[in-house]
Amino acid sequence: MTGRRWSGRRAVCCLAALLLTLQALAGCGPTASSGRPDAATQSVQKLLDGWAAALRGRDEPAYLGAVDPAAKDYQNARRQVFANLAAVPLASWDYRIVSTTGLRPTPGEGDRATAQAELRYRLAGYDTAPVTAPVRLALVWRGGRWYVAAEDTSGSGSQLWEQGAVTVVRGEHSLVLGTGQDQGRLRAMAELADRAVPAVSEAWQHGTWAGRVVIEMPASLERMGALLGSPAANYRGIAAVTTGEVGGAGAAPADRIIVNPEAYGTLGEFGRRIVLTHETAHVATRALTSAATPLWLSEGFADWAAYRGTGRTARQAAPELAQAVSASRLPAVLPEDPDFGFAGEPGRLARAYEEGWLACRMIAEKWGEAKLVAFYRAVGGHKKRPGAVEAALQQVLGIGQADFTARWRTYLTEALND
């Protein structure tokens, strides 16, 4: 996940990439000894298949017909969700059962069971891989069939359409979804995103990606926290975060840029441009970002792509680090992942991101932009963190870790005193 904290008129980075990811649930669901789902599970899967088909086909009676008629509140809630999804361009929507509890081969009237399932959906024209979200469904047997009686998404975050009617704005390279937002505001965001996509494509040279982004803007900071399944306080002052599965295998994840309407609203035009370009860079590089990629590289590259071509000097874009260097507090080593956490001294957070940005900026200036991209790909190509950066430095730049760190420290002094 990435986020950006802005304080007053000066940008103070607080980016924390990849700390929140949408993890696909493992396993093939409940099976009998033959390896196939038992008859009881098959009957529930059939119910969920029909439920999903009704939503995809915009058949409201059939969709509500899968919901327990005695669960009036849940009926009303699903009716509202069905309406909220009216403008959302769905390419697919389905459920896969992961496990069940309480299912009996021959259920009786009023019997209840639970299905732990995985919701998988794609947005038409934007997602080449599905977004996956775990959901726990309560089931009830009435009149010789199963119904969905309730659901629990706690711990996984909610979906935007569960928070209100979704307004959709389509840009040339972007799809913006919002709840409780003025369409003009969403349109302005799409225009900035449409500028960010080609800017990132130019920076991410020779690195293939879909060339489009999906942005979600909830109605409030609290709603943002609900989408991410975390306390809203974690994102106070952070303008945007990006969620998505870490790649490393060439897959194209379904990323989402989630915008905090409150913090984003305090930014000027330039700040919004930097935020959306930074987050777009994370979307572009996600498939080649792996567990081996340190945060200084993933966040530093995203900042490099965002500031590239803006004319901002190192002192202008890295004020916290410039102040530290002026006070003879030159960092000894590149920032570690814990330095990018939300907790702790805010100035350290800012310096960590600034240090990562200047490391990537140095590579681009000293070895060339193509080498920076090649270095990023080489690091992400490793399966594990130990040795990944060292190997990539030798392979792509022809130097060792100690030499790189020494050059970076010299570069900081020169760039920030320029």
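The protein exposes about 17,300 Å², and carbon and sulfur atoms supply 49% of that area. Accessible areas here come from the Shrake-Rupley method with a 1.4 Å probe, and for residues only the protein chains shown count as cover. This is a predicted model, in which local features need pLDDT of at least 70 and side-chain atom pairs count only at pLDDT 80 or more, while totals for chains, interfaces and linings use all residues. Residues are numbered from 1 along each chain as its sequence is written, and side-chain values use heavy atoms, with hydrogens and water left out.

Now the overall picture. Of the 418 residues, 53% are buried; buried means under 20% relative accessible area, exposed over 50%, and partly exposed in between. The secondary structure comes to 14 helices and 11 strands. Helices (H or I, at least four residues) and strands (E, at least two) are DSSP runs, numbered from the N terminus.

On to aspartate 68. This residue is found in the loop between α2 (60–65) and α3 (72–84). Aspartate 68 is buried, with a relative accessible area of 2%. Its side chain makes a polar contact of 2.7 Å with the side chain of arginine 142. A polar contact is a pair of N or O atoms within 3.5 Å; within protein, one must be able to donate a hydrogen and the other to accept it, and residues adjacent in sequence count only if both atoms are side-chain atoms.

Glutamate 355 sits in helix α11, residues 346–366. Glutamate 355 is buried too, with a relative accessible area of 2%. A polar contact of 3.3 Å joins its side chain to that of arginine 348. Leaving out residues up to four places away in sequence, glutamate 355 touches Leu321, Pro331, Pro335, Arg348 and Trp408, where contact means heavy atoms within 4.5 Å.

Next, helix α13, residues 388–397. Its buried residues are Ala388, Val389, Ala392, Leu393, Val396 and Leu397. They cover an arc of only 130° around the axis, which puts them on the same side of α13. The arc is that of the directions from the helix axis to the C-beta atoms. An α-helix has 3.6 residues a turn, so residues three or four places apart point the same way. After α13 comes glycine 398, with a positive phi near 75°.

Last, strand β10, residues 240–243. Ala240 and Thr242 point one way, Val241 and Thr243 the other, and all are buried. Four bridges join β10 to β11 (residues 256–259), and the two run antiparallel. Strands pair if DSSP finds at least two bridges between them.

Technical notes: Buried < 20%, exposed > 50% of the residue type's maximum accessible area, 1.4 Å probe, protein only.
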